[in-house]
Number of protein chains: 2
Amino acid sequence: MANQEVKPVAPERRPRRRLRTPNPVVRARILAASMDLIRTRGFSTLRIDELAAQAEISVGTFYLYFDGKDELFTSLVVEHTRLLRERLEQAMAGAPNEEERAERRLDAYLDFVEENEHAFLHFLRAGSMQTTVGDLSTWALGQHAEDVRPLVDESIRSGAIRAVDAELLVQAVLASTQHLAGYWLQHKDRYTRAQIKEFIRELSLAVLVGLRPR
Amino acid sequence: MANQEVKPVAPERRPRRRLRTPNPVVRARILAASMDLIRTRGFSTLRIDELAAQAEISVGTFYLYFDGKDELFTSLVVEHTRLLRERLEQAMAGAPNEEERAERRLDAYLDFVEENEHAFLHFLRAGSMQTTVGDLSTWALGQHAEDVRPLVDESIRSGAIRAVDAELLVQAVLASTQHLAGYWLQHKDRYTRAQIKEFIRELSLAVLVGLRPR
C-alpha cells in the first residue's frame, strides 16, 4: 500500500492548505528531524515548534506537509514499516539455509528496535495510560504473569520443560494469547471463538512439547 | 497492589475537590454505567455528561469521584484486572488435572474478552492511531505478516509442521516477538539483547518442534 494512502481518520482540526507540489526533500527533512527528537526523548512531549526549529523550517511550513502530530506519527510508522521490511529482506538475502535466514532476520529486527527505541515503545504502548505503576497495559499483563509464573516455575522444577527463562516464557505466552483474542474480535467474520480457542490450546501445547528436555 | 494506588500520572487539569468519605455505591454506579456505555459503543466517544445521565448523577458528582476519562479508564482496567484474576482462579478450582485447569482458564478468559469486547479492544489498541487502513499497529503487524506468511505456508506444504491455521500462527509469533522486544527495552537492567535474542530463537524453534506432524 502506498505511503500517502495511510492517514489518521480524525486529523486535528486546523484550516488546511496543502501544496500542489510538495517538496520531497522538505518532507524527508521533517521526518528525519522528528526521528532525531524522538530518539533523544520520545514522541509524546514533542512540540511542533521545536520540530520546525530542528528541521529548519517554519511552523507554517510544517502544516503544509502534515495535519499535525497524528499524521506525522502515522507517516513515521508507514515509512519505518516499509524500511524495516526492506532491511529484513536484505538481511536474509544470501543466507545459506532457513535457520541462518531466521537468525539474520531476528538480528536485523533487534537492530531496528534498538535504534528506534523510543519510537518503537511509543508505537507499541501508545495510548496505554501512563500511571503511578507505569504503563497500564504492562501492569495488567504483569498481574496475570504473577498468576501464571508459578505454573511455569513448577513445570521447570519438575523437569516437564527445559530451564528456559520463566518470566520471558510467561510474557510471550500471555502476549500472544492476548493478541490472538484481539485478532479474533477484529475478525469475527473469519474466526469463531471455538477456532481461536483450539488454536491457542494447540499452540500452548506445542510450546510445552517443543520445550521438553532434550 | 490496592486499587487506589493506580492513577494516571498526568490527570486532566481541573480544579479538584474530593469527598472525604466517597460513597462506594456511587463510585460503583459510575463504573457500571461506563461499562454499559462502552459495551454498546466503545470508550473513545464516551462523554462525561452522557455517563452522568446514565449513572443518574450530576456531572459535578462525577468529578468528585474521578479526575476525568483517564482516571476513569485506569480504574476500569484495575477493577477488571482484579475481577478477571478472580474469575480465572475460580474457573480452575476443582479441575481434576493440569490440562483441564488450562482448558477452564482459557474458557474463562475468552468469556471475559467476549463480554467486554469494546473495552478490551480499547485497552489493547488504545492510542494506536485510527487510520484509513484501520488501526495503525494492526496494519503494521499485518505488513510483516505478509512477509512471514509464505514461510509458514511452505512449512505446512512441505510437511515440516502440521496444517495449523497459518495466519493465526504468524500473528501469534509476530505478536510475541514484538512484545518480547518491548519487554527487553523496558527491562534492559535485567536482560541483555543476546538473552532476548536467544530466547526468541529457542521459543520459535520450540513451536516448530511442537508443531511437527504427529
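Let me begin with the surroundings of Arg87(B). In this predicted model, Arg87(B) is in contact with Ala108(B), Asp111(B), Phe112(B) and Glu115(B), leaving aside its neighbours within four places in sequence. The residue belongs to helix H4 of chain B, which covers residues 69-92. Its relative accessibility is 28%, so Arg87(B) counts as partly exposed. For a sense of distance within the chain, consider Ala52(B): 35 residues separate it from Arg87(B) along the sequence, and the two C-alpha atoms are 29 Å apart.

I turn now to helix H4 of chain A, residues 69-92, where Glu71(A) is found. Is Glu71(A) buried or exposed? Its relative accessibility is 3%, and because the limit for a buried residue is under 20%, Glu71(A) counts as buried. Which residues does Glu71(A) touch, if those up to four places away in sequence are not counted? They are Lys7(A), Pro8(A), Arg18(A), Tyr65(A) and Phe66(A).

Over all chains, the search of the whole structure gives 8 aromatic pairs.

In chain A, Lys69(A) is placed over the face of Phe43(A), 4.7 Å from the ring centre. In chain B, the ring is that of Trp184(B), and Lys188(B) lies over its face at 5.3 Å from the ring centre.

Let me move to the arrangement of the two chains. Chain A is superposed on chain B by a rotation of 180 degrees, with 0.0 Å of shift along the axis and an RMSD of 0.0 Å. The two copies are therefore related as by a two-fold rotation axis. Through which surface do the copies meet? Of the interface residues of chain A, 100% are also interface residues in chain B, so the copies meet through the same surface.

Gln178(B) provides a local view of contacts between the chains. This residue lies in helix H8 of chain B. With those up to four places away in sequence not counted, it touches Tyr109(A), Phe120(A), Phe123(A) and Leu124(A) from chain A, together with Leu141(B) from chain B. At 16% relative accessibility, Gln178(B) counts as buried.

I shall describe the second largest cavity, which holds about 200 Å³ of space. Its lining consists of 18 residues, and those nearest its centre are Ser176(A), Leu203(A), Val207(A), Ser176(B) and Leu203(B). Two or more lining residues come from each of helix H8 (166-186) and helix H9 (193-210) of chain A, and likewise from helix H8 (166-186) and helix H9 (193-210) of chain B.

Between H8 and H9 of chain B there is a loop, and Thr192(B) is found in it. Thr192(B) has a relative accessible area of 42% and is partly exposed. Its C-alpha atom is separated by 32 Å from that of Phe120(B), 72 residues apart along the chain.

Glu56(B) is placed in the loop between helix H2 (48-55) and helix H3 (59-65) of chain B, where it counts as exposed at 68% relative accessibility.

How values were computed
Residues are numbered from 1 along each chain as its sequence is written. Chains are lettered from A and ligands numbered from 1 in the order in which they are written. This is a predicted model: local features need pLDDT of at least 70, side-chain atom pairs count only at pLDDT 80 or more; totals for chains, interfaces and linings use all residues. Side-chain values use heavy atoms; hydrogens and water are left out. Copies are superposed by least squares on the C-alpha atoms of residues with pLDDT of at least 70 in both. Contact means heavy atoms within 4.5 Å. Rings of Phe, Tyr and Trp (its six-membered ring) pair if their centres lie within 6.5 Å; planes under 30 degrees apart count as stacked, over 60 as edge-to-face and the rest as tilted. A charge sits over a ring if NZ of Lys or CZ of Arg is within 6 Å of the ring centre and within 35 degrees of the ring normal. Helices (H or I, at least four residues) and strands (E, at least two) are DSSP runs, numbered from the N terminus. Buried means under 20% relative accessible area, exposed over 50%, partly exposed in between (1.4 Å probe, protein chains only). On a 1 Å grid over the protein atoms alone, a cavity is a set of points where a 1.4 Å probe fits but cannot get out, and a pocket is an open set with protein on both sides within 12 Å along at least five of seven lines; lining residues have an atom within 4 Å of a point. Grid points are joined across faces, edges and corners, and a volume is the space filled by probe spheres set on the points.
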